[in-house]
Amino acid sequence: MAAFIFVGSVANAHEVRPAIGDLTVSGSLVTLEITLNAEAIVAGVDLEGVADTNETAQAAQVDALRALAPAAFSDRIRADAAQVAAAISLRADGVELPLALDDVTVGPVGNVELPRDSILRFTAPIPTDAKGLQVTWPASYGALILRQQGVEAPYTGYLDNGTPSDEIALTGGGEDTALQAFAGYIPVGFDHILPKGLDHILFVLGLFFLSTRIGPLLWQISAFTLAHTVTLALGAMGWVTLPGSIVEPLIAASIVFVAVENILTDGLSRWRPLVVFLFGLLHGLGFASVLGEFGLPPGQFFPALIGFNVGVELGQLTVIALAFLLVWVALRVDDNDMTPRSGQVFYGVLAAGFLVLGWLLNNPEFTSVMGARAPVFLWPMAMISLFCVLSATWVDQLAAYRTYVAIPASVAIALVGFYWFVERVFL
């Protein structure tokens, strides 16, 4: 259980958001207006691959900066303006343009555990005969959604890992095709489930641990998919919106509900698909809020939206596939298709391997790739493997898999969901 509680204690969804940059050319001046969580940058946090600043050595400093009044923090940003401007590369036809900070707007002080937005406006002179621009956003600043403004068919790009943007024509026309937008947003949707959507992962696992039969799982996944697809589309179009202060606690409550029901029943009730559908509506609004952070290209809105949803579905199916692979041997032992000794040895080795890997891979490189520390992913898998050892050991008991795997896993999921609910409502 401790591994799951560890997940709940370190996972704070959507703590680090991508910056948004609006690029505008007017006459001989180019303006790059950036909306970002500036506290992390001023504190010197390397945001590459980081999902939560609480997981960094500068966490306390970031919180202290968030507590500064807007005027005081604006002064801190201006003091570091030259360093920030130097880290951002803006080129016109291959020639570096000198960026200068023109204005700073800092949001009001709120919950210091949550990011606040600041707007930094940089300007630079641009040669009158320039044809195109290229922006390179530093990897240590995280990710940037770059949007061209003031032209038809504007360029929109997602920059991370220090990769420069495509060449951006000043006259426009750099907008993605429908196929490019569709393909480009699939990994965005997938990434929001694996590895960054720990709350959605736990909900899907809650559906998985209800029953070993494929029928109940298909009914639940179908209801969940239909529901979140509807509200994702409505939310992305701005037709339905709910504040995160309401949606996020309800998503945590949905995790608790499905996990507790797994404990109380071993089959699909007639009303569970309806309840899953209703919770799916909430998860869709959560997906829409994340998609809103990335933005959708106006000219390719629907292809990008569909691509994002496909990515989400692929992420969910991957979670289910990985869960099935993890417990497959335990299910075979439970069905008397393998010997209990084989299950004990297999899961004993697997548990030890996950524990050791969680310790060995607990480094910045793993966090950079996965968005969270290695134990968050590997130690819960070790715990489930130990549950499977118990299932294989007492396989002669009725419903051993349910008793020693599905129920303990559901209890752990419910505890994490309850922790998140309390955290999102009261902390």
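## Ground rules

The model is predicted, so local features need pLDDT of at least 70, side-chain atom pairs count only at pLDDT 80 or more, and totals for chains, interfaces and linings use all residues. Residues are numbered from 1 along each chain as its sequence is written, and side-chain values use heavy atoms, with hydrogens and water left out.

Helices (H or I, at least four residues) and strands (E, at least two) are DSSP runs, numbered from the N terminus.

## Helices H7 and H9

Start with H7 (residues 198-208) and H9 (residues 244-264). Their axes come within 9 Å and cross at roughly 25°. Axes are lines fitted to C-alpha atoms, for helices over the stretch in contact, and angles run from 0 to 180 degrees between N-to-C directions. H7 and H9 are therefore roughly parallel (angles under 35 degrees; over 145 is roughly antiparallel, 65 to 115 roughly perpendicular, the rest oblique).

Contact means heavy atoms within 4.5 Å. On the H7 side, the residues are Asp199, His200, Leu202, Phe203, Gly206 and Leu207. They meet Glu248, Ile251, Ser254, Ile255, Val258 and Asn262 of H9. By class, this contact of H7 with H9 has six nonpolar, four polar and two charged residues. Here Ala, Val, Leu, Ile, Met, Phe, Trp, Tyr, Cys and Pro count as nonpolar, Asp, Glu, Lys and Arg as charged, and the others, Gly among them, as polar.

## Helices H14 and H15

Now take H14 (residues 374-393) and H15 (residues 400-426). Their axes come within 7 Å and cross at roughly 160°. That makes H14 roughly antiparallel to H15.

H14 supplies Phe387, Cys388, Leu390 and Ser391 to the contact. H15 supplies Ala400, Tyr401, Tyr404, Val405, Pro408 and Ala409. The classes are nine nonpolar, one polar and no charged residues.

## Helix H8

H8 (residues 214-236) has 23 residues. From first C-alpha to last it reaches 32 Å, close to the 33 Å expected at 1.5 Å a residue (1.5 Å times one less than the number of residues). Its buried residues (under 20% relative accessible area; exposed is over 50%, partly exposed in between, with a 1.4 Å probe and protein chains only) include Leu217, Ile221, Phe224 and His228. Just after H8, Gly238 takes a positive phi of about 80°.

Most residues other than glycine have a negative phi, and most peptide bonds are trans. Asp93 has a positive phi near 55°. It sits in the loop between strands E3 (89-92) and E4 (95-96). At 41% relative accessibility, Asp93 is partly exposed.

Asn161 also has a positive phi, about 60°. Its loop runs between strands E9 (156-159) and E10 (168-169). A cis peptide bond joins Leu194 and Pro195, with omega about 15°. Pro195 is in the loop between H6 (178-193) and H7.
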